[in-house]
Amino acid sequence: LPVHDADDTVHNLMEIGGEAVDPIAEMFPETVIKGAIDREALAKRVFSDPGGLARLEEILHPMVRRREQQFLEHRARQGYRQVILDIPLLFETGGEDRCDAVITVSAPRFLQEQRVLRRSGMTRERLDSILARQIPDAEKRRRSDFIVLTSLGRDFSLLQILNIVRITRHWRGRNWPARPYRGRRNIA
């Protein structure tokens, strides 16, 4: 299935020639290096400034939504009936209302932390700041139509995804069928 990745879109918007470079440079000039936004410098700047992150989101969120809409229109013209919107802060931004079904990818907290802390430039403080902005994983799972458990290996995760694709192939929207899978822990 075609995937629109909100994080990848943000990265593209901040690359050389990206639509977000000039507006971000105006607000945070110290984060521009060779015509692109240095994401690590930007993260340090906005996470140390309580209002900085909100100002950055005012720039980025409308741009990401436009790209998402373009993606959806393009895929619809190609005849796709199913696509994936990979949106990290889906519930926090009210994005679930734009989706016919919501899938949460989940793992135990200790495993999530291990995975995230392996990323370049990630620190415990930065992770804590990110987690403070997110609703708890248990709440995400409760509000989701499907949960993919990633702690049991790649093959099991892929099997769960395949089953979700099969179930939703003829899904007509978030209220059809009458959410029969609400409350299930996973689909395997």
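Predicted model: local features only at pLDDT ≥ 70, side-chain atom pairs only at ≥ 80, totals over all residues.
Strand β5 spans residues 103-106, and its side chains alternate. Thr104 and Ser106 point to one face and are buried. Strand β5 runs parallel to β6 (residues 146-149), and four bridges join the two. Ser106 has Leu149 as its bridge partner in β6.

Helices α3 (residues 39-47) and α4 (residues 50-77) also meet. Their axes come within 6 Å and cross at roughly 125°. From α3, the contact involves Leu42, Arg45, Val46 and Phe47; from α4, Gly52, Leu53, Arg55 and Leu56. Five of these contact residues are nonpolar, one is polar and two are charged.

The model holds 14 salt bridges. Asp49 takes part in a bridge with Arg45, with the closest N and O atoms 2.9 Å apart. Asp49 also forms a salt bridge with Arg55, at 2.8 Å from N to O. Asp49 is buried, at 18% relative accessibility. Arg45 is partly exposed at 27% relative accessible area, and Arg55 is partly exposed at 28%. Glu30, Arg45, Asp49 and Arg55 are linked in a salt-bridge network.

A further salt bridge joins Glu96 and Arg143, at 3.0 Å from N to O. This pair links distant parts of the chain, 47 residues apart. Glu96 lies in the loop between β4 (84-86) and β5, whereas Arg143 lies in helix α7 (residues 137-143). Glu96 is buried at 13% relative accessibility. Arg143 is partly exposed, with a relative accessible area of 23%.

How values were computed
Residues numbered from 1 in each chain as written. Heavy atoms only, no water. Buried < 20%, exposed > 50% of the residue type's maximum accessible area, 1.4 Å probe, protein only. Pairing = 2+ DSSP bridges. Axes fitted to C-alpha atoms, helices over the stretch in contact; angles between N-to-C directions. Contact = heavy atoms within 4.5 Å. Nonpolar A, V, L, I, M, F, W, Y, C, P; charged D, E, K, R; others polar. Salt bridge = Lys/Arg side-chain N within 4 Å of Asp/Glu carboxyl O.
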